[in-house]
Amino acid sequence: MDFGLTQQQQLFQEMVREFAEKEVAPRAAEVDEEACFPAETVRMMGKLGLMGVTIPEAYGGAGADTICYAIAVEEISRACASTGVIMSINNSLVCDSIHTFGAEEQKRRLLIPLARGEKLGCYCLSEPDAGSDAANLQLTARAEGNHFLLNGVKNFITNGQEANIAIVFATVDRQLKHKGISAFLVEKGTPGFGVLKVEKKLGIRGTSCCQLLFENCRVPRENLLGGIGEGFNIAMASLDGGRIGIAAQAVGIARAAYEAALGYAKGRVQFGQPIASFQAIQFMLADMATTIDAARLLAYRAAILRDQGIQYGLEASMAKLYASEVAMCVTTKAIQIYGGYGYITDYPVQRYFRDAKVTEIYEGTSEIQRLVIAGHLVG
Ligand code: CAA
(Lines give C-alpha, C1' and ligand atoms only; values in the text may rest on other atoms or scores of the structure.)
Protein backbone atom coordinates (compact mmCIF):
# COMPACT_ATOMS: atom_id res chain seq x y z
CA MET A 1 0.00 0.00 0.00
CA ASP A 2 1.29 3.46 -0.91
CA PHE A 3 0.97 5.67 2.18
CA GLY A 4 1.68 8.91 0.33
CA LEU A 5 -0.96 11.16 -1.20
CA THR A 6 -0.77 11.76 -4.94
CA GLN A 7 0.03 15.28 -6.13
CA GLN A 8 -3.64 15.75 -7.03
CA GLN A 9 -4.75 14.66 -3.55
CA GLN A 10 -2.18 16.97 -1.94
CA LEU A 11 -3.43 19.93 -3.98
CA PHE A 12 -6.99 19.07 -3.05
CA GLN A 13 -5.98 18.88 0.63
CA GLU A 14 -4.28 22.29 0.47
CA MET A 15 -7.34 23.81 -1.18
CA VAL A 16 -9.78 22.42 1.42
CA ARG A 17 -7.47 23.25 4.35
CA GLU A 18 -7.12 26.86 3.22
CA PHE A 19 -10.88 27.17 2.75
CA ALA A 20 -11.58 25.54 6.13
CA GLU A 21 -9.14 27.78 8.01
CA LYS A 22 -10.29 30.96 6.28
CA GLU A 23 -14.04 30.44 5.97
CA VAL A 24 -15.16 27.65 8.30
CA ALA A 25 -13.08 27.83 11.50
CA PRO A 26 -13.78 31.52 12.28
CA ARG A 27 -17.54 30.80 12.41
CA ALA A 28 -17.38 27.49 14.30
CA ALA A 29 -17.81 28.83 17.85
CA GLU A 30 -20.81 30.92 16.83
CA VAL A 31 -22.36 28.03 14.86
CA ASP A 32 -22.06 25.94 18.04
CA GLU A 33 -23.23 28.56 20.54
CA GLU A 34 -26.14 29.83 18.48
CA ALA A 35 -26.98 26.36 17.11
CA CYS A 36 -27.23 27.95 13.67
CA PHE A 37 -27.02 26.09 10.38
CA PRO A 38 -24.00 27.40 8.40
CA ALA A 39 -25.97 28.02 5.18
CA GLU A 40 -23.47 30.43 3.60
CA THR A 41 -20.57 28.00 4.21
CA VAL A 42 -22.56 25.15 2.67
CA ARG A 43 -23.21 27.31 -0.40
CA MET A 44 -19.47 28.02 -0.71
CA MET A 45 -18.64 24.32 -0.29
CA GLY A 46 -21.01 23.55 -3.13
CA LYS A 47 -19.08 25.92 -5.41
CA LEU A 48 -15.82 24.14 -4.49
CA GLY A 49 -17.26 20.71 -5.33
CA LEU A 50 -17.27 19.61 -1.69
CA MET A 51 -20.93 18.59 -1.59
CA GLY A 52 -20.42 15.81 -4.14
CA VAL A 53 -16.71 15.02 -3.99
CA THR A 54 -16.79 11.55 -5.62
CA ILE A 55 -19.70 12.24 -7.96
CA PRO A 56 -18.66 12.55 -11.62
CA GLU A 57 -18.52 16.07 -13.02
CA ALA A 58 -21.30 15.15 -15.48
CA TYR A 59 -23.63 14.85 -12.46
CA GLY A 60 -22.47 18.05 -10.77
CA GLY A 61 -19.72 16.62 -8.55
CA ALA A 62 -15.96 17.07 -8.31
CA GLY A 63 -15.13 13.69 -9.87
CA ALA A 64 -12.47 13.02 -7.21
CA ASP A 65 -11.71 9.79 -5.35
CA THR A 66 -12.79 8.57 -1.91
CA ILE A 67 -9.44 9.57 -0.36
CA CYS A 68 -10.25 13.15 -1.40
CA TYR A 69 -13.66 12.74 0.23
CA ALA A 70 -12.00 11.60 3.48
CA ILE A 71 -9.49 14.46 3.25
CA ALA A 72 -12.29 16.98 2.76
CA VAL A 73 -14.39 15.71 5.68
CA GLU A 74 -11.31 15.67 7.96
CA GLU A 75 -10.26 19.21 7.07
CA ILE A 76 -13.76 20.69 7.35
CA SER A 77 -14.46 18.81 10.62
CA ARG A 78 -11.15 19.99 12.09
CA ALA A 79 -12.53 23.50 11.60
CA CYS A 80 -16.18 22.80 12.44
CA ALA A 81 -17.63 19.35 13.08
CA SER A 82 -21.19 20.52 12.35
CA THR A 83 -20.20 21.67 8.88
CA GLY A 84 -18.23 18.44 8.45
CA VAL A 85 -21.22 16.18 9.01
CA ILE A 86 -23.51 18.32 6.86
CA MET A 87 -21.16 17.75 3.92
CA SER A 88 -20.42 14.12 4.82
CA ILE A 89 -24.08 13.07 4.80
CA ASN A 90 -24.87 14.94 1.60
CA ASN A 91 -21.87 13.30 -0.08
CA SER A 92 -22.15 9.70 1.02
CA LEU A 93 -25.59 8.81 2.29
CA VAL A 94 -27.41 10.99 -0.23
CA CYS A 95 -25.39 11.68 -3.42
CA ASP A 96 -23.56 8.34 -3.52
CA SER A 97 -26.82 6.47 -2.92
CA ILE A 98 -28.55 8.19 -5.83
CA HIS A 99 -25.46 7.83 -8.02
CA THR A 100 -25.18 4.10 -7.28
CA PHE A 101 -28.83 3.09 -7.17
CA GLY A 102 -30.73 5.86 -8.95
CA ALA A 103 -32.26 5.84 -12.42
CA GLU A 104 -30.71 8.14 -15.04
CA GLU A 105 -33.69 10.50 -14.81
CA GLN A 106 -33.33 10.73 -11.00
CA LYS A 107 -29.65 11.54 -11.39
CA ARG A 108 -30.36 14.34 -13.88
CA ARG A 109 -33.25 15.77 -11.85
CA LEU A 110 -32.06 15.32 -8.26
CA LEU A 111 -28.38 14.33 -8.07
CA ILE A 112 -27.02 17.27 -10.07
CA PRO A 113 -28.40 20.01 -7.76
CA LEU A 114 -27.45 17.95 -4.67
CA ALA A 115 -23.85 17.41 -5.80
CA ARG A 116 -23.53 21.09 -6.71
CA GLY A 117 -24.70 22.08 -3.24
CA GLU A 118 -27.72 23.91 -4.68
CA LYS A 119 -29.91 21.48 -2.78
CA LEU A 120 -29.28 19.57 0.42
CA GLY A 121 -30.17 16.00 1.24
CA CYS A 122 -30.95 14.00 4.35
CA TYR A 123 -31.12 10.27 5.01
CA CYS A 124 -34.12 8.94 6.90
CA LEU A 125 -33.60 5.45 8.28
CA SER A 126 -33.95 5.66 12.10
CA GLU A 127 -37.32 5.70 13.83
CA PRO A 128 -38.43 6.06 17.46
CA ASP A 129 -38.45 2.24 17.81
CA ALA A 130 -35.91 1.30 15.14
CA GLY A 131 -32.40 2.66 15.76
CA SER A 132 -29.71 -0.04 15.76
CA ASP A 133 -32.35 -2.54 14.63
CA ALA A 134 -32.93 -0.70 11.39
CA ALA A 135 -34.72 -3.61 9.68
CA ASN A 136 -37.55 -3.24 12.20
CA LEU A 137 -38.67 0.11 10.81
CA GLN A 138 -42.42 0.78 10.87
CA LEU A 139 -42.98 3.66 8.42
CA THR A 140 -45.26 2.24 5.74
CA ALA A 141 -45.45 2.79 1.99
CA ARG A 142 -48.72 1.78 0.30
CA ALA A 143 -48.96 1.74 -3.49
CA GLU A 144 -51.87 3.79 -4.89
CA GLY A 145 -51.89 4.16 -8.67
CA ASN A 146 -48.76 5.98 -9.74
CA HIS A 147 -47.97 7.02 -6.18
CA PHE A 148 -46.94 5.60 -2.82
CA LEU A 149 -48.54 6.86 0.37
CA LEU A 150 -46.00 7.16 3.20
CA ASN A 151 -47.13 7.10 6.83
CA GLY A 152 -44.99 7.14 9.96
CA VAL A 153 -42.26 8.98 11.86
CA LYS A 154 -38.49 9.23 11.35
CA ASN A 155 -36.12 10.09 14.19
CA PHE A 156 -32.74 11.81 14.65
CA ILE A 157 -32.57 13.00 11.06
CA THR A 158 -29.50 15.19 10.57
CA ASN A 159 -30.22 18.19 8.30
CA GLY A 160 -33.93 17.29 8.48
CA GLN A 161 -34.97 20.92 8.74
CA GLU A 162 -32.87 22.29 5.89
CA ALA A 163 -32.89 19.36 3.46
CA ASN A 164 -34.68 19.71 0.13
CA ILE A 165 -34.54 16.01 -0.68
CA ALA A 166 -34.93 13.15 1.80
CA ILE A 167 -34.09 9.52 1.17
CA VAL A 168 -36.81 7.75 3.15
CA PHE A 169 -36.82 4.05 3.95
CA ALA A 170 -40.28 2.55 4.31
CA THR A 171 -41.82 -0.88 4.43
CA VAL A 172 -44.30 -2.06 1.82
CA ASP A 173 -44.94 -5.24 3.83
CA ARG A 174 -43.86 -5.63 7.46
CA GLN A 175 -44.22 -9.43 7.26
CA LEU A 176 -41.28 -9.48 4.85
CA LYS A 177 -38.99 -7.83 7.46
CA HIS A 178 -35.96 -6.26 5.71
CA LYS A 179 -37.02 -7.64 2.31
CA GLY A 180 -40.14 -5.44 2.48
CA ILE A 181 -38.17 -2.21 2.78
CA SER A 182 -37.96 0.23 -0.14
CA ALA A 183 -36.25 3.60 -0.53
CA PHE A 184 -38.03 6.76 -1.69
CA LEU A 185 -36.81 10.19 -2.74
CA VAL A 186 -39.12 12.67 -1.04
CA GLU A 187 -38.88 16.29 -2.09
CA LYS A 188 -39.48 19.17 0.30
CA GLY A 189 -42.91 20.63 -0.21
CA THR A 190 -44.52 17.24 -0.86
CA PRO A 191 -47.86 17.46 1.00
CA GLY A 192 -47.89 15.33 4.16
CA PHE A 193 -44.15 15.65 4.85
CA GLY A 194 -42.95 17.96 7.61
CA VAL A 195 -40.79 18.50 10.68
CA LEU A 196 -42.42 17.33 13.91
CA LYS A 197 -39.66 18.33 16.33
CA VAL A 198 -36.13 19.77 16.29
CA GLU A 199 -34.00 18.19 19.03
CA LYS A 200 -31.65 20.13 21.34
CA LYS A 201 -28.34 18.36 21.58
CA LEU A 202 -24.92 18.11 23.23
CA GLY A 203 -22.73 18.61 20.16
CA ILE A 204 -22.70 19.29 16.42
CA ARG A 205 -25.16 21.99 17.33
CA GLY A 206 -24.99 23.67 13.91
CA THR A 207 -26.92 20.80 12.35
CA SER A 208 -30.60 20.22 12.86
CA CYS A 209 -31.55 16.85 14.29
CA CYS A 210 -35.20 16.28 13.54
CA GLN A 211 -38.19 14.10 14.00
CA LEU A 212 -40.01 14.02 10.67
CA LEU A 213 -43.68 13.21 10.17
CA PHE A 214 -45.14 11.51 7.10
CA GLU A 215 -48.94 11.65 6.92
CA ASN A 216 -50.41 10.27 3.72
CA CYS A 217 -47.39 11.74 1.99
CA ARG A 218 -47.88 11.09 -1.76
CA VAL A 219 -44.62 10.19 -3.42
CA PRO A 220 -44.68 9.66 -7.19
CA ARG A 221 -43.58 6.21 -8.39
CA GLU A 222 -40.69 7.76 -10.35
CA ASN A 223 -39.17 8.71 -6.97
CA LEU A 224 -38.70 5.09 -5.90
CA LEU A 225 -34.92 4.61 -5.48
CA GLY A 226 -33.90 1.15 -6.67
CA GLY A 227 -36.50 -1.60 -6.81
CA ILE A 228 -39.29 -2.59 -4.42
CA GLY A 229 -37.75 -4.49 -1.51
CA GLU A 230 -34.20 -3.33 -2.26
CA GLY A 231 -34.27 -0.53 0.32
CA PHE A 232 -32.49 -2.30 3.17
CA ASN A 233 -29.56 -3.32 1.01
CA ILE A 234 -29.36 0.27 -0.30
CA ALA A 235 -29.41 1.56 3.30
CA MET A 236 -26.62 -0.80 4.39
CA ALA A 237 -24.43 -0.20 1.33
CA SER A 238 -24.81 3.57 1.74
CA LEU A 239 -23.83 3.34 5.39
CA ASP A 240 -20.58 1.56 4.43
CA GLY A 241 -19.56 4.71 2.55
CA GLY A 242 -20.99 7.00 5.22
CA ARG A 243 -18.88 5.30 7.87
CA ILE A 244 -15.70 6.34 6.04
CA GLY A 245 -17.01 9.90 6.31
CA ILE A 246 -17.72 9.64 10.03
CA ALA A 247 -14.27 8.11 10.59
CA ALA A 248 -12.75 11.10 8.76
CA GLN A 249 -14.92 13.48 10.78
CA ALA A 250 -13.68 11.88 14.01
CA VAL A 251 -10.07 12.22 12.81
CA GLY A 252 -10.68 15.90 12.05
CA ILE A 253 -12.18 16.60 15.50
CA ALA A 254 -9.36 14.69 17.22
CA ARG A 255 -6.72 16.57 15.23
CA ALA A 256 -8.24 19.91 16.20
CA ALA A 257 -8.14 18.90 19.88
CA TYR A 258 -4.59 17.53 19.67
CA GLU A 259 -3.24 20.62 17.88
CA ALA A 260 -4.90 22.92 20.41
CA ALA A 261 -3.55 20.89 23.35
CA LEU A 262 -0.02 20.80 21.91
CA GLY A 263 0.00 24.56 21.42
CA TYR A 264 -1.39 25.16 24.89
CA ALA A 265 1.08 22.78 26.56
CA LYS A 266 4.01 24.60 24.95
CA GLY A 267 2.77 27.98 26.20
CA ARG A 268 1.38 27.15 29.64
CA VAL A 269 4.02 27.57 32.36
CA GLN A 270 3.69 25.79 35.74
CA PHE A 271 6.42 25.01 38.25
CA GLY A 272 8.65 27.37 36.24
CA GLN A 273 8.50 25.55 32.91
CA PRO A 274 6.09 24.87 30.02
CA ILE A 275 3.88 21.93 30.94
CA ALA A 276 4.91 20.33 27.59
CA SER A 277 8.29 19.62 29.21
CA PHE A 278 6.65 17.24 31.72
CA GLN A 279 6.58 13.59 30.77
CA ALA A 280 3.00 13.21 32.04
CA ILE A 281 1.88 15.66 29.36
CA GLN A 282 4.29 14.35 26.71
CA PHE A 283 2.92 10.82 27.05
CA MET A 284 -0.61 12.08 26.52
CA LEU A 285 0.49 14.01 23.42
CA ALA A 286 2.37 10.97 22.09
CA ASP A 287 -0.71 8.76 22.45
CA MET A 288 -2.92 11.40 20.87
CA ALA A 289 -0.69 11.83 17.79
CA THR A 290 -0.16 8.08 17.32
CA THR A 291 -3.81 7.10 17.54
CA ILE A 292 -4.92 9.93 15.24
CA ASP A 293 -2.50 8.73 12.56
CA ALA A 294 -3.65 5.13 12.99
CA ALA A 295 -7.30 6.20 12.69
CA ARG A 296 -6.59 8.16 9.52
CA LEU A 297 -4.77 5.21 7.96
CA LEU A 298 -7.76 2.94 8.67
CA ALA A 299 -10.07 5.47 7.00
CA TYR A 300 -7.75 5.76 3.99
CA ARG A 301 -7.55 1.96 3.68
CA ALA A 302 -11.35 1.71 3.47
CA ALA A 303 -11.37 4.60 0.98
CA ILE A 304 -8.75 2.94 -1.25
CA LEU A 305 -10.70 -0.33 -1.28
CA ARG A 306 -13.87 1.55 -2.23
CA ASP A 307 -12.06 3.24 -5.11
CA GLN A 308 -10.73 -0.13 -6.27
CA GLY A 309 -14.26 -1.55 -6.31
CA ILE A 310 -13.39 -4.08 -3.58
CA GLN A 311 -15.81 -4.86 -0.68
CA TYR A 312 -14.94 -2.45 2.10
CA GLY A 313 -17.75 -2.80 4.69
CA LEU A 314 -15.46 -4.49 7.22
CA GLU A 315 -12.73 -1.88 6.83
CA ALA A 316 -15.23 1.01 6.95
CA SER A 317 -16.66 -0.30 10.23
CA MET A 318 -13.16 -0.78 11.67
CA ALA A 319 -12.24 2.77 10.68
CA LYS A 320 -15.44 4.25 12.11
CA LEU A 321 -15.18 2.27 15.36
CA TYR A 322 -11.54 3.09 15.97
CA ALA A 323 -11.59 6.73 14.84
CA SER A 324 -14.67 7.62 16.90
CA GLU A 325 -13.18 6.08 20.05
CA VAL A 326 -9.91 7.89 19.33
CA ALA A 327 -11.84 11.15 19.01
CA MET A 328 -13.43 10.67 22.44
CA CYS A 329 -10.11 9.71 24.01
CA VAL A 330 -8.11 12.54 22.40
CA THR A 331 -10.68 15.23 23.19
CA THR A 332 -10.84 14.01 26.81
CA LYS A 333 -7.05 14.26 27.08
CA ALA A 334 -7.10 17.70 25.47
CA ILE A 335 -9.42 18.97 28.22
CA GLN A 336 -7.14 17.37 30.81
CA ILE A 337 -4.10 19.17 29.39
CA TYR A 338 -5.96 22.48 29.46
CA GLY A 339 -7.03 21.78 33.06
CA GLY A 340 -9.69 24.19 34.32
CA TYR A 341 -9.45 26.25 31.13
CA GLY A 342 -10.50 23.19 29.15
CA TYR A 343 -13.80 23.07 31.02
CA ILE A 344 -14.92 26.59 30.22
CA THR A 345 -16.45 27.75 26.98
CA ASP A 346 -13.80 30.44 26.27
CA TYR A 347 -11.65 27.67 24.80
CA PRO A 348 -12.66 25.33 21.97
CA VAL A 349 -11.60 21.97 23.46
CA GLN A 350 -14.93 21.53 25.27
CA ARG A 351 -16.65 21.89 21.86
CA TYR A 352 -14.40 19.23 20.35
CA PHE A 353 -15.26 16.92 23.27
CA ARG A 354 -19.01 17.51 22.86
CA ASP A 355 -18.80 17.12 19.06
CA ALA A 356 -16.75 13.91 19.30
CA LYS A 357 -19.35 11.95 21.28
CA VAL A 358 -21.87 11.56 18.45
CA THR A 359 -19.29 9.91 16.19
CA GLU A 360 -19.62 6.87 18.48
CA ILE A 361 -23.38 6.89 17.94
CA TYR A 362 -24.58 7.98 14.51
CA GLU A 363 -24.28 5.90 11.34
CA GLY A 364 -24.13 2.87 13.64
CA THR A 365 -23.05 2.84 17.29
CA SER A 366 -19.68 1.39 18.32
CA GLU A 367 -21.57 -1.72 19.40
CA ILE A 368 -23.09 -2.11 15.91
CA GLN A 369 -19.64 -1.63 14.33
CA ARG A 370 -18.32 -4.45 16.55
CA LEU A 371 -21.26 -6.61 15.44
CA VAL A 372 -20.51 -5.92 11.78
CA ILE A 373 -16.78 -6.57 12.26
CA ALA A 374 -17.39 -9.77 14.22
CA GLY A 375 -19.85 -10.90 11.54
CA HIS A 376 -17.09 -10.62 8.94
CA LEU A 377 -14.58 -12.41 11.18
CA VAL A 378 -16.73 -15.22 12.47
CA GLY A 379 -19.20 -15.48 9.58
N1 CAA B 1 -24.19 -3.83 2.09
C2 CAA B 1 -25.21 -4.37 1.36
N3 CAA B 1 -26.13 -5.21 1.91
C4 CAA B 1 -25.97 -5.54 3.21
C5 CAA B 1 -24.93 -5.02 4.00
C6 CAA B 1 -24.02 -4.13 3.38
N7 CAA B 1 -23.03 -3.60 4.08
N8 CAA B 1 -25.06 -5.47 5.25
C9 CAA B 1 -26.12 -6.30 5.25
N10 CAA B 1 -26.69 -6.32 4.02
C11 CAA B 1 -27.83 -7.12 3.58
C12 CAA B 1 -27.58 -8.59 3.81
O13 CAA B 1 -26.86 -9.15 2.73
C14 CAA B 1 -28.99 -9.13 3.89
O15 CAA B 1 -29.54 -9.18 2.60
P16 CAA B 1 -30.22 -10.54 2.00
O17 CAA B 1 -31.30 -10.94 2.96
O18 CAA B 1 -30.69 -10.11 0.67
O19 CAA B 1 -29.12 -11.54 1.98
C20 CAA B 1 -29.73 -8.00 4.59
O21 CAA B 1 -28.95 -6.81 4.41
C22 CAA B 1 -29.95 -8.24 6.08
O23 CAA B 1 -28.69 -8.40 6.69
P24 CAA B 1 -28.58 -8.75 8.23
O25 CAA B 1 -29.35 -10.03 8.50
O26 CAA B 1 -27.14 -8.70 8.60
O27 CAA B 1 -29.41 -7.55 8.90
P28 CAA B 1 -29.74 -7.24 10.41
O29 CAA B 1 -31.19 -6.90 10.52
O30 CAA B 1 -29.21 -8.32 11.31
O31 CAA B 1 -28.98 -5.85 10.69
C32 CAA B 1 -27.16 -4.43 11.27
C33 CAA B 1 -27.65 -5.69 10.55
C34 CAA B 1 -25.68 -4.37 10.93
C35 CAA B 1 -27.36 -4.48 12.77
C36 CAA B 1 -27.90 -3.19 10.68
O37 CAA B 1 -29.24 -3.16 11.08
C38 CAA B 1 -27.24 -1.89 11.04
O39 CAA B 1 -26.27 -1.49 10.41
N40 CAA B 1 -27.81 -1.18 12.07
C41 CAA B 1 -27.34 0.13 12.40
C42 CAA B 1 -28.15 1.13 11.65
C43 CAA B 1 -27.45 2.45 11.57
O44 CAA B 1 -26.25 2.53 11.31
N45 CAA B 1 -28.22 3.50 11.74
C46 CAA B 1 -27.70 4.80 11.61
C47 CAA B 1 -28.79 5.71 11.17
S48 CAA B 1 -28.34 6.72 9.86
C49 CAA B 1 -27.67 8.08 10.58
O50 CAA B 1 -27.16 8.05 11.67
C51 CAA B 1 -27.76 9.21 9.65
C52 CAA B 1 -27.67 10.54 10.22
O53 CAA B 1 -28.58 11.34 10.09
C54 CAA B 1 -26.35 10.91 10.77
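Predicted model: local features only at pLDDT ≥ 70, side-chain atom pairs only at ≥ 80, totals over all residues.
Local features require pLDDT of at least 70 and side-chain atom pairs pLDDT 80 or more, whereas totals for chains, interfaces and linings use all residues. Residues are numbered from 1 along each chain as its sequence is written, and side-chain values use heavy atoms, with hydrogens and water left out.

The protein is assigned domain 1 (7-119), domain 2 (122-229) and domain 3 (232-378). These bounds come from an automatic or database domain assignment. The centres of domain 1 and domain 2, taken over C-alpha atoms, are 23 Å apart. Contact (heavy atoms within 4.5 Å) joins 24 residues of domain 1 to 19 residues of domain 2.

Helix 8 (residues 313-338) packs with helix 10 (366-378). Helices are DSSP runs (H or I, at least four residues), as are strands (E, at least two), numbered from the N terminus. The two axes come within 9 Å and cross at roughly 145 degrees. Axes are lines fitted to C-alpha atoms over the stretch in contact, with angles from 0 to 180 degrees between N-to-C directions. The crossing is left-handed, that is, the near helix is turned anticlockwise from the far one by less than a right angle. On the helix 8 side, the contact includes Gly313, Leu314, Met318 and Leu321. Helix 10 contributes Ser366, Gln369, Arg370, Val372, Ile373 and His376. The contact residues comprise five nonpolar, six polar and three charged. Here Ala, Val, Leu, Ile, Met, Phe, Trp, Tyr, Cys and Pro count as nonpolar, Asp, Glu, Lys and Arg as charged, and the others, Gly among them, as polar.

A cavity is a set of points where a 1.4 Å probe fits but cannot get out; a pocket is an open set with protein on both sides within 12 Å along at least five of seven lines. Lining residues have an atom within 4 Å of a point. Points are joined across faces, edges and corners, and a volume is the space filled by probe spheres set on them.

The largest pocket holds about 930 Å³. Its lining has 40 residues, with Ser126, Ile361, Tyr362, Glu363 and Gly364 nearest the centre. Helix 6 gives the most, five residues. Domain 2 and domain 3 each supply at least three. By class, 21 are nonpolar, ten polar and nine charged.

One cavity reaches 30 Å³ or more. Ala28, Val31, Asp32, Cys80, Ser82, Ile204, Arg205, Arg351 and Asp355 line the largest cavity. Helix 1 provides the largest share, three residues.
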